[in-house]
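Good morning, colleagues. I would ask you to have the sequence and the coordinates open while I speak.

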Amino acid sequence: MFSILLVEDKESMARMIMTAVRSEGYEVVWASNGKEGMTRFKERRFDLVVSDLKLPFYSGLEILSKVKETHPMVPVILMTAFGSVETAVKAVKEGAFDFITKPFEPDHLLLLIKKALENQKLLTENMILKEEYSENLQFPKIIGKSQKLMEMLEIVKKVSQNKTTVLLGGESGTGKELIARALHLLSPRKEDPFIAINCAAIPRDLLESELFGHERGSFTGATEKKLGKFELADRGTLFLDEIGDMDLGLQGKLLRVLEEHALTRVGGVNRVIIDVRVIAATNKDLKGEIARKTFREDLYFRLNVFPIVIPPLRERKEDILPLAEYFIDYYCKEMKKGPKVLSTEAKNKMSEHPWLGNIRELQNCIERAVILSDHQILPHHLGLSSLEVNGLVELAQEFPPDGGLMEASSKAGKLVESQMIKKVLEQTDGNKTKAAEILKVSFKTLHLKVKEYGLE
């Protein structure tokens, strides 16, 4: 149900409008002056504001300005007397959806309300799928034209309207957080918080506090009460990235919160009721983790209500060049460089590359190419390389059979492993965090391997 804030100082007019609007199934909250209207607007979320132009305390123009300052996507319709039409036209130029001149037929206002709400929905979808919708994401556009991507986006649109828990699967670097944000911003919760947390990046003890919060004095260093991510995301969406890396003990506590829709802060005794939509993501095979007793089966079924698997970049090759061109344009603007183009050879090289790190690897590749190239990006600017089957056959011939198959396999594996780590570190300019994500290992594992193979 859409909620509408009506700000009108004449009671008879307000009652006439409320009767008409409620008959269409909308919820209406009435405020009799501008000050009361802004107080009510701050208390809760509204989908639309209908306000008279001339009001006590705050005028309709001031209400428009204050609404757009904090909630720019909320449409505002202004009501005005005939003599104030010029002012109303000015208001439309400043962001009002439209204005209506008194006296008017209720059906006319209802038509404007319907159009405003439909326009708001279209703007939101356009913002997510075509335009930059978040300053927190470096590359917020969903770029591509492949059939697999289009089919996935249709699924995202459909499930976004519900509170259904979604489990995003797929390889590292495919853009799981981007899809999670799209699910949130296409949903009825779009005006409420979207909170993301990486379960693999925070130690177990700290992660519990980050998720559920803690009371003052609950542990050493807890000098004040802290709200967790679940409370901060109340009425909104919580994105649990890398859920497969969560500690088993903490998985049990998470399961209970998901089942009861309530939590208890670390060191606390009171239950806190929450209303949070959960989206989880992993690049691990959770069924395999269940078999290895590292992931709870009951939590898996609680999270896997609606699974969406994001296809890897190599399975949607039509998206490689559009993504590359987008990243080229972005980095050229960021680095204040002139426009650059991909040579035919570079395009062919990119189309043939397996992109084990997916979009993240492509992003790093283009950033490097923009730095190194002049006007045209050539194959050697990309820094792409891959291990080929023929190379592995030649590698096997270097090991004599007298050491045995197990020893040969061990030596070959280590050699291939060291070479792969070296190449990925070159691609990421030595950034171990990015390299670990591409290689699908923890930062600690990569650090140990780098020391073992002398790749510092």
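The protein chain is built from 20 helices and 14 strands. What we are viewing is a predicted model, and of its 456 residues, 45% count as buried. Among contacts with a separation of 6 or more, those between residues 24 or more positions apart account for 69%.

Let me turn to confidence. The chain averages a pLDDT of 85, and 88% of the residues score at least 70. Two stretches call for caution. Over residues 127-140 pLDDT stays under 50, although the model has 41 contacts beyond four places in sequence for that stretch. Over residues 387-394 pLDDT likewise stays under 50, and here the model has 3 such contacts. Where pLDDT is low, the predicted coordinates should not be read in detail.

I come now to the interior. In soluble globular proteins, nonpolar side chains tend to be buried together. The largest nonpolar core in this model has 30 residues, and L211, F230, L240 and I243 have the most contacts inside it. Seven runs are to be named here, as each gives two or more residues to this core: strand 7 (194-198), helix 8 (204-212), strand 8 (237-241), helix 10 (248-260), strand 11 (277-282), helix 11 (286-291) and helix 12 (297-303). Of these, helix 10 gives the most, with 5 residues.

Which residues does F230 touch, leaving aside its neighbours within four places in sequence? F230 is in contact with L211, F212, L238, L254, V257, L258, L263, I274, V276 and V278. A second, separate core has 23 residues, including I320, A324, C365 and I377.

C365 leads us to the cavity search. Over the whole structure, that search finds 1 cavity of 30 Å³ or more. The space in the largest cavity is about 40 Å³. Its lining consists of E361, N364, C365, R368, L382, G383, L384 and Q427. Helix 15 gives the most to that lining, with 4 residues.

A word on cysteines. C365 counts as buried because its relative accessibility is 4%, under the 20% limit. C332 is buried as well, with a relative accessible area of 6%.

I close with backbone geometry. Most residues other than glycine have a negative phi, and most peptide bonds are trans.

The peptide bond from K102 to P103 is cis, with omega near -10°. P103 sits in the loop between strand 5 (98-101) and helix 5 (106-129).

F57, which is not a glycine, has a positive phi of about 70°. F57 belongs to the loop between strand 3 (48-52) and helix 3 (60-70).

W355 is not a glycine either, and has a positive phi of about 50°. W355 is found in the loop between helix 14 (344-352) and helix 15 (358-372).

Are F57 and W355 buried or exposed? F57 counts as exposed, because its relative accessibility of 62% is over the 50% limit. W355 counts as buried, because its relative accessibility is 0%. I would welcome your comments on these points.

Notes: Residues numbered from 1 in each chain as written. Predicted model: local features only at pLDDT ≥ 70, side-chain atom pairs only at ≥ 80, totals over all residues. Heavy atoms only, no water. Buried < 20%, exposed > 50% of the residue type's maximum accessible area, 1.4 Å probe, protein only. Core = buried A, V, L, I, M, F, W, Y, C linked by side-chain atoms within 4.5 Å. Contact = heavy atoms within 4.5 Å. pLDDT = per-residue confidence, 0-100. 1 Å grid on protein atoms, 1.4 Å probe; cavity = no way out; pocket = protein on both sides within 12 Å on 5 of 7 lines; lining within 4 Å. Points joined across faces, edges and corners; volume = space filled by probe spheres on them.
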